[in-house]
Amino acid sequence: MQAFRRERGYSMVEMAVVVVTTGIITASAMSAYRPTVGASDAASKTGEMIKVNQAIIAFAQRNHRLPCADDNADGIEGNAGVCTAGSYVSGGVPYVTLGVTPPAVLGTGAGADLVYAVYRNSAASPNADLASLIERNDDAPAANHYRNSDDLMIALVSAASAAVSSSYLNMTGDGAATGVSNCATNTVANVAFALISGGSVDMDKNNSIFDGPHNGVSLPTGSSVKCFAPPTLSASSNYDDKVIVTTFEQLISFLKQ
């Protein structure tokens, strides 16, 4: 396998078939349908979500992988820190693993309203399980580049090149330009990771603060959700969730820094 090195200009990145690089997109629009939630409270929640997003990126820069989700509200990724391949795709934010204090505005433990989800596709070639630290460049264990950022770069390029699939973390439509917001019928794009907040009101009256495409979410496990609404889905009379996504391309750009 050809070496994947920074000094060679990220040739694999240049060859990747990618979706439009959008950066980190946040949905923070207020709506008249949320009379019990002040604008300052909603803005504060969005701000805290962005801080968590930045902590996840910093973790990836340090550890050359993304964390997997917390499945039992102890703040530790996976099951006591063990991230079995392909498991713990979605659930709570692993605050302890990230080394950050849970923002009070987002809640903690089983009472939290923030879901973290990560792309884990071990079927891709090279392996694109972004939460696994794997040597993907055939470096020997004693080599300087063994299991480093190059390996995460390779995984991200592989993920960006793979066919869009509902089997892995994905976004559905926004009800407008990208089509109907329906996880069963419209898979628009896969992304590296996402944060989903249930807002503050059960807008669609399903006995959960998570609305629309997210109404199957149940923390702390996340109910293995793999599909979520895009950040551009507007608030409405039955939806007030917030979503932040980081694309494969955006994470590549952060790792280059």
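1. A residue is called buried when its relative accessible area is under 20%, exposed when it is over 50%, and partly exposed in between, using a 1.4 Å probe and protein chains only. By that rule Cys-227 counts as buried at 9% relative accessibility, whereas Cys-183 is partly exposed, with a relative accessible area of 25%.

2. The model is predicted: local features need pLDDT of at least 70, side-chain atom pairs count only at pLDDT 80 or more, and totals for chains, interfaces and linings use all residues. Residues are numbered from 1 along each chain as its sequence is written, and side-chain values use heavy atoms, with hydrogens and water left out.

3. On confidence, pLDDT is the predictor's own score for each residue, from 0 to 100; the protein averages 80, and 79% of the residues score at least 70. Over residues 5–38 the pLDDT is below 50, although this stretch has 72 contacts in the model beyond near neighbours in sequence, a contact meaning heavy atoms within 4.5 Å. Where pLDDT is low, the predicted coordinates should not be read in detail.

4. A disulfide is taken as a pair of cysteine sulfur atoms within 2.5 Å, and the count by this rule comes to two. Cys-183 is joined to Cys-227 with an S to S distance of 2.0 Å, and the torsion about their S-S bond is about -85°, so this disulfide is left-handed. Because Cys-183 lies in the loop between β6 and β7 and Cys-227 in strand β9, the pair ties together parts that are 44 residues apart in sequence. Helices (H or I, at least four residues) and strands (E, at least two) are DSSP runs, numbered from the N terminus.

5. In the disulfide of Cys-68 and Cys-83 the sulfur atoms are 1.7 Å apart, and the link is left-handed, with -70° about the S-S bond. Cys-68 and Cys-83 are both buried.

6. The largest nonpolar core has 53 residues, and Phe-228 is among those with the most contacts inside it; such a core is a set of buried Ala, Val, Leu, Ile, Met, Phe, Trp, Tyr and Cys residues joined through side-chain atoms within 4.5 Å. Not counting residues up to four places away in sequence, Phe-228 touches residues including Cys-183, Val-191 and Ile-196.

7. Three strands form an open sheet in the order β7-β6-β9, with mixed pairing, where two strands pair if DSSP finds at least two bridges between them. Strands β6 and β7 pair in the antiparallel sense over two bridges, and Asn-170 stands opposite Asn-190 in β7.
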